[in-house]
Structures are given as structure tokens and as C-alpha cells.
Amino acid sequence: MSESNILEISGLTVEFRSGGRWVTAIRDVDLTLAPRQCLGIVGESGSGKSVTALSILRLHPAKSTRIASGRILYQGRDLLTVAPGELAGIRGSEIAMIFQDPMSSLNPVLTIGEQIGETLRIHQGLNRADALAKAVGLLDMVRIPDARRRVAEYPHRLSGGMRQRVMIAMAIACRPKILIADEPTTALDVTVQAQILDLLAELVEEGGMALLLISHDLGVIAENVQRMLVMYGGLVLEQGPSA
């Protein structure tokens, strides 16, 4: 693994069980990600973008998924072979992910503060009061107004843009080294989309994170990353500078 890269994926092939047989979802995917770099993956629905991202943290259902080949090296460790306990410590703490739909990703019966605080209690050992106080600070950071009141509210009380900001706050709570953003602006209007993308860019610049941005929108990718991959049919067709 190159010392200049924090993540290297090589020859990754993922298969899913379907109808009693194994079907290839992505084949021989290669990519590298350096600290403070914004890397984009673009492609139509079904091209393998999310499959690639979810494979990094082994979030696919184990019984119906197999890694046919490849390596995913994070700081020299192959995430495909690390023990489940070690991987659980990496998820959310060192590598975090923002999912497509914040309404289905957030728990409807827990307050915003409880959901952000859970991450802090698990990975940083904070007590409930300290975790809640830090949650307020995180909501301020992602520019949610009246953060002290918002931590006591439930997801359905927030707009789509605010829910996405809550997801970002949860993802950056432990200052991860890599942030994976899977279609983070799909359901948002153009103005809110621009605000969310600007916020992600600031977090990369100020926090030193590496960003893996996934989208089907070539314009979003072109304007917000330095390097990009184009996927189609489970393959990486081309990659290079976004310009």
C-alpha cells in the first residue's frame, strides 16, 4: 500500500446470491483515496456505486453476499479479513458513512440527541450528559438553527435538509479519517443540495478527512471532487482527474 493513500481497493469482486445462484454485482474494482482528497464515483442506478461503498465497511448481508476476490486496504489493514470486533471499532469512528435516505436511516422513535449521542457513547465512552452536550455542538457545526432545542426533537419534525445535516453530524461525530457520502443530496432541492455539498467540502478542508462522494449526477461530481471514477454494469470504465 502506498504511504500517500489512506484507502486502496484492488480487484474487488462482489457477488450476491439470487435464485439459488451467485450473481456478480461488481467486478475487479480498483480505487485509491488519499487524505484530504475528494474522490467521486459516478454512474447510473445499478452500476455498482453503493455496492462498492458498502463493501468497504462490510455492510452487505453476510448470508447472501460473498467477496469473490480483492482487497480493501485501510491504513495497511485488509478490512475484508479483520475480526468483526475490530471492524465494529472502525465503523463510525474511523470510517463513517452518510446514507441516501435520512428518513429511513434515522430511528423514528429516538430523539436526534439520543441518536447522535449513541455514537459518542459507543466510540468515545462519553456519559449521556456529555454526549448530549457534544451533540448540540455538532448540530451547530452543521448549521442547524436552535440546536439546543433540536436535539430533543424526533426526525419527522425536521425538514429533509435538516435530517441530512443530522446524518452528517452523526457521521463526523468521532472525526473519522474517511467519510463516505452515498447520494447525500438526492431528495433535496437545488439550494439545499448546494448547502450540503459546501458543508462537506468545508469538513474535508477543516477536519482533514478524505471524502468518497457517490452520485448519479455528473455535474455534482464534476464540481465537488478532484478525481472521479465512472462505473457501468459493475465495472469501472474510466477514472482520472474530474476536469
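Here is a quick tour of the cavity and pockets in this structure.

This is a predicted model, where local features need pLDDT of at least 70, side-chain atom pairs count only at pLDDT 80 or more, and totals for chains, interfaces and linings use all residues. Residues are numbered from 1 along each chain as its sequence is written, and side-chain values use heavy atoms, with hydrogens and water left out.

**Cavity**
- Searching the whole structure turns up one cavity of 30 Å³ or more (on a 1 Å grid over the protein atoms alone, a set of points where a 1.4 Å probe fits but cannot get out).
- The volume of the largest cavity is about 40 Å³, counted as the space filled by probe spheres set on the points, which are joined across faces, edges and corners.
- L197, L200, A201, L211, L213 and N224 line the largest cavity (lining residues have an atom within 4 Å of a point).

**Largest pocket**
- The largest pocket comes in at about 550 Å³ (a pocket is an open set with protein on both sides within 12 Å along at least five of seven lines).
- Of its 21 lining residues, G92, M97, F99, T119 and M170 lie nearest the centre.
- α4 gives the most to this lining, with five residues.

**Second largest pocket**
- The second largest pocket has about 150 Å³ of volume.
- Strand β4 (residues 65-74) is its top contributor, giving three residues to the lining.

Methods: Helix = DSSP H or I, 4+ residues; strand = E, 2+ residues; numbered from the N terminus.
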